[in-house]
Amino acid sequence: MTSIFRKAYFFLIGLFLSLPLIVVAGVSVNQKQTLAFPPQGFSLSWYGEIFLNPEWRNALFASVTLAMLSAALAVAIALPLSWFLWRRIAPWANIFQLLGVAPFTLPPVITALGMLTFWATVGFYGQPWTAVVSHAIFFVTLPLVTLSLGFTSIDRSLVEAASTMGADERTIFRTVVLPLILPYIVSGYAFAFVLSLNEYIVAYMTVGFTVETLPIKIFNALRYGYTPTMASVTVLFVTTAAVIFGLVARFGDLPKLLGAMSSDGK
Amino acid sequence: MRREPPQTLGDYAPLLFPAAMLTIFFVVPFGTMIAVSFFQRQQGGFYTPAFVFDNYARFLSVFFGGVLGFSLMLAIIVAICCVVLALPFTYMLTRMARKVQVVWLVALLSILSLSEVIIGFAWSTLFSRTAGITNILVALGIMAEAKALTPSFGAVLTGMVYQAFPYTVLVLFPALVRLDPTLTEAARTLGASPLKAFFTVVVPALRNTITATLIMVFIFALGSYLLPQLLGRPQHWTLSVLITDQAIYQSNMPFAAAMAVFLVLVTLGLVALTVIAGRKGEAA
């Protein structure tokens, strides 16, 4: 297609995608507690507010803790499963792969409601750790897909060579498989981490009345009093996501990772 | 080391933890939800085990029919808008330098991972009277005075297209990367304009991909639970919003669960359609 048309099209799409973020970034530097745009005055105090105001700081802390733990648990579930599927011929075990992808494919409100009824039935409703488990299950798809892709890219003759030289299963995993699969573990963890950080509905339905994560805090602020802190948190979130995905792209093969992700998702 | 079937019981050990986690925390909750959908609702937000179809019978009301119809229509419009916008975009993106591609992909992923709360907040700010886009139009002298553009159907639609657009690009991306570049080259050599080559060669070659993408974006849009609430009026609420509302604010878990089961059935039916569309694509 002609280059002028292409440039114009990309400019318009870029504008559409960035416009809300530009306005939010503008709102976040207002001097007074108003959501005016263009901003009136200039102040970075709303960024300080995230860390200084105990309510926002607690929400930030809750979100980061939840994201770190749930992403780790998701990887802990995905790694043995994808290793087993790569190492063994057991077609029926694919059912667990399917179970891992299902929560992500279905509308999120369904997983959220399932978790809510489950935790309420077993009597743990509202406990902070239930959100960690719920998020880990909800996002297990991401490490599962990156790891499955990672395992298929391992040259089996390497493993075979190690085995011929007398290495046992444990040694092979530690010295050959793990180093090769590490980048995929990291990117799977990164995807799960960023999405967990932003997740609202599952967190809200499991621990919404006891713990305030940042998305829940923003939602509550939307209903009970606007403050530019919402805007500064948004900017912080977008920047965090961009930095993390930028790092994944820098140290991994992002187009390849995405090429496989979407075809697996089908 | 070749792949081999598990020999001893010990070989199954790695499967133990993932299988237990997925069964206990996904299969069981899902089953619980289905069970609750048949329970009897009690006054005051409680429910007792029973086996009644009352919760499903409520689907037959005019109100529910309206919500369902609106949800489906909204998701279809979002899916069509996204694919129409994303197809040429992704096509051109796959033909760009790798570095440029990575930058766009990082940006798209960042937006895709954004919370619905944040997207809703950003667009409600952009559409507001005090900070909104209308202020720019006033400054340019196009409009007389700033006004709020939300809540409205247009605001809901814009927000949802914004949310689903990066997803659409990422779903289309692998298929378009693999598209044989010689196809368009041949068309160009034979004298077709770039635009004509796109519509007569690329689009038909991707017919099945486009169908599958439409369905996937449709399912994605069906899952939107906050944007209709934040940017629209109550008549713009979708099934997902209604489920949340019934579960949290009306404390009617059995009815919420019944609607969720229904939504699962719709989704699974569509996934099956996608798979069939994909099979056809392989055969062709």
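I counted a residue as buried if 20 or more other C-beta atoms lie within 10 Å of its own. The model I examined is a predicted one.

**Entry 1: chain B, burial and elements**

With that cut-off, I found that 43% of the 284 residues of chain B count as buried. I then looked up the secondary structure of chain B and noted 13 helices and 2 strands.

**Entry 2: chain B, dimensions**

What radius of gyration does chain B have? I read 24 Å for chain B, whereas a compact globule of 284 residues would have a value near 19 Å. I also looked up the extent of the C-alpha trace of chain B, which spans about 75 × 70 × 30 Å along its principal axes.

**Entry 3: chain B, contacts along the sequence**

I considered the contacts in chain B between residues at least 6 apart in sequence. Of these contacts, I noted that 68% join residues at least 24 apart.

**Entry 4: chain A, domains**

I turned to the domain assignment of chain A, which gives domain 1 as 1-43 and domain 2 as 54-265. The C-alpha centres of these two domains of chain A lie 30 Å apart. Where the domains meet, I found 8 residues of domain 1 of chain A in contact with 8 residues of domain 2 of chain A. On the domain 1 side of this contact I recorded 5 nonpolar residues, 3 polar residues and no charged ones.

**Entry 5: chains A and B together**

How many residues does each chain bring to the contact? I recorded 75 residues from chain A and 75 residues from chain B. The side of chain A that touches chain B has 55 nonpolar, 13 polar and 7 charged residues.

Technical notes. Residues numbered from 1 in each chain as written. Chains lettered and ligands numbered in written order. Predicted model: local features only at pLDDT ≥ 70, side-chain atom pairs only at ≥ 80, totals over all residues. Helix = DSSP H or I, 4+ residues; strand = E, 2+ residues; numbered from the N terminus. Rg over C-alpha atoms; globule rule 2.2 N^0.38 Å. Buried ≥ 20, exposed ≤ 12 C-beta atoms within 10 Å, placed from the backbone. Contact = placed C-beta atoms within 7 Å. Domains from an automatic or database assignment. Nonpolar A, V, L, I, M, F, W, Y, C, P; charged D, E, K, R; others polar.
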